[in-house]
Amino acid sequence: AASGKSTVVKELVRRGYTAYNTDDMADVTRLEDLSGQPANPPRPVNWSKYGWNWQEKGLKKLLASNDPVFVAAIVSNQQRFYDLFDLIFILTLDVDELTHRLKTRTTNDYGKHPDELKEITADHLEFQQSIIDGAGGKAVVIDGALPLKKIVVQIIANLK
């Protein structure tokens with residue numbers, strides 16, 4: 001949340017790359033209960049009972065290209081799909097910067113509710129590390145506090 005994924009997607013698209021924010025794509029990502037059925041629980045969401053999950057068919061359709069495709073997301077089941085990616089770019093933030101971005105962003109309200117903010121920030125550093133560790137040798141860690149242009153230059157520099 002609030003690491004700059006959506007902003008990076010917009011900049012990559014502006015530069016001519018194929019890039020998606022799957023949070024905005026109902027055929028690719030949806031909120032589900034533990035049985036995998038679509039759900040619409042009250043906020044704040046109890047994440048022990050629900051998942052923000054990629055849908056395999058929709059994700060594979062996005063990735064069906066010979067050109068580089070960038071997908072921006074933090075989803076509950078992302079590790080299941082890491083084998084579909086050559087690299088996994090991870091934008092990292094410290095807790096203070098994350099808190100500031102969540103409180104001040106205007107693109108959506110996720111993380112603004114005090115319970116959501118507390119949940120997101122409580123284990124943020126461990127969560128980041130779990131993504132890095134889970135990505136194995138595919139992880140490319142980038143400081144999300146860098147200026148946008150520097151982040152995008154680092155991403156593009158890693159293309160094969």
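Me: Where does E56 lie?
Reply: One caution before that: this is a predicted model. E56 lies in helix α2, which covers residues 56–63.

Me: What does E56 touch, leaving out residues up to four places away in sequence?
Reply: R80 and F81.

Me: And how far apart are the C-alpha atoms of E56 and D133?
Reply: They are separated by 22 Å. Along the chain, E56 and D133 are 77 residues apart.

Me: Switching to another glutamate. Where is E11?
Reply: E11 is in helix α1.

Me: Buried or exposed, that E11?
Reply: Buried. The relative accessibility of E11 is 9%, and the cut-off for buried is under 20%.

Me: Which residues does E11 touch, again skipping those up to four places away?
Reply: L148 and V152. Both belong to the set in α6 that meets α1.

Me: OK, so what angle do α1 and α6 pack at?
Reply: About 70 degrees, with the axes 10 Å apart. Here α1 is residues 5–14 and α6 is residues 148–157.

Me: Why call that roughly perpendicular?
Reply: Because angles of 65 to 115 degrees count as roughly perpendicular. That makes α1 roughly perpendicular to α6.

Me: Is the crossing left-handed or right-handed?
Reply: The crossing of α1 and α6 is right-handed.

Me: Which residues meet there?
Reply: From α1, T7, V8, E11 and L12. From α6, L148, I151, V152, I155 and I156.

Me: How many of them are nonpolar?
Reply: Seven. The contact also has one polar and one charged residue.

Me: On to strands. Which residues are on the covered face of β1?
Reply: A19 and N21. T18 and Y20 make up the uncovered face. The strand covers residues 18–21.

Me: Do β1 and β4 run parallel or antiparallel?
Reply: Parallel. Four bridges join β1 to β4, and β4 is residues 69–72.

Me: What stands opposite T18?
Reply: V69 in β4. T18 itself is on the uncovered face of β1.

Me: Last topic, peptide bonds. What kind joins R43 and P44?
Reply: A cis peptide bond, with omega at about -5 degrees.

Me: Where is P44 placed?
Reply: In the loop between β2 and β3. Those strands are residues 29–33 and 50–54.

Key
Residues numbered from 1 in each chain as written. Predicted model: local features only at pLDDT ≥ 70, side-chain atom pairs only at ≥ 80, totals over all residues. Heavy atoms only, no water. Axes fitted to C-alpha atoms, helices over the stretch in contact; angles between N-to-C directions. Helix = DSSP H or I, 4+ residues; strand = E, 2+ residues; numbered from the N terminus. Parallel < 35°, antiparallel > 145°, perpendicular 65-115°, else oblique. Left-handed = near helix turned anticlockwise from the far one by under 90°. Contact = heavy atoms within 4.5 Å. Nonpolar A, V, L, I, M, F, W, Y, C, P; charged D, E, K, R; others polar. Buried < 20%, exposed > 50% of the residue type's maximum accessible area, 1.4 Å probe, protein only. Pairing = 2+ DSSP bridges.
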